[in-house]
Amino acid sequence: NISTQHTENLTKFPQQTKSHELLTSSLRHKHKLKSEFPIAVKISPDIDENQIYFISDILLENEIETIIISNTSESSRNDLKNIQKHQKGGLSGKPIEIKSNILINKFYNLLNGKIKIIGVDGVDSGQAAYDKFLAGADCIRLYTVMVFNGQNIALIINIYLIDLLLRDGVK
């Protein structure tokens, strides 16, 4: 997670040299350990258009297999319409769902299936899951919705997602 909001000034993908060094070192250790687990890189939703191309190049160059889109957003707090707008820290979940879906779609179009995409943020229903898949996610991750609704929410989302897939003729 090199775009962590918990470490000051790390919400942006590090400079090209540092990114390359970090990923190269990670891959070297992975091979040394003979690990078959993929390395996943978590992407900040606060990156700009140029960074999407830059990050894609770095990920492809280092043969990264999976990316997680997205992480928490600092820049979306002003869009809130309640008192939480003035709190500190990054936002995740529903407040950045659309921002995450747009970013998923941009990476999907750029990477052409060469890197798996895990869609994150705002998945609280079958429709929200479906929207992530339509944007280009290969799979989704649930977190906040499980905290507030328990793990059975995954089954509920799945049931509604299946209904949407059948409705639209997706196999």
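## Strand β4 and its partner

Gly 119 has Ile 140 in β4 as its bridge partner. Strands β3 and β4 run parallel and are joined by two bridges; two strands count as paired if DSSP finds at least two bridges between them. Helices (H or I, at least four residues) and strands (E, at least two) are DSSP runs, numbered from the N terminus.

The model is predicted: local features need pLDDT of at least 70, side-chain atom pairs count only at pLDDT 80 or more, and totals for chains, interfaces and linings use all residues. Residues are numbered from 1 along each chain as its sequence is written, and side-chain values use heavy atoms, with hydrogens and water left out.

## The sheet

The open sheet has four strands in the order β1-β2-β3-β4, with parallel pairing. Strands β1 (40–43) and β4 (139–140) are at the edges with a single partner strand each, so one side of each has no neighbour in the sheet.

Four bridges pair β2 (residues 66–69) with β3 (residues 116–119) in the parallel sense. Along this pairing, Thr 66 is opposite Lys 116 in β3, and Ile 68 has Ile 118 as its bridge partner.

## Helix α6

Helix α6 (residues 153–167) contains Ile 159. Ile 159 is partly exposed, at a relative accessible area of 44% (buried means under 20%, exposed over 50%, partly exposed in between; 1.4 Å probe, protein chains only).
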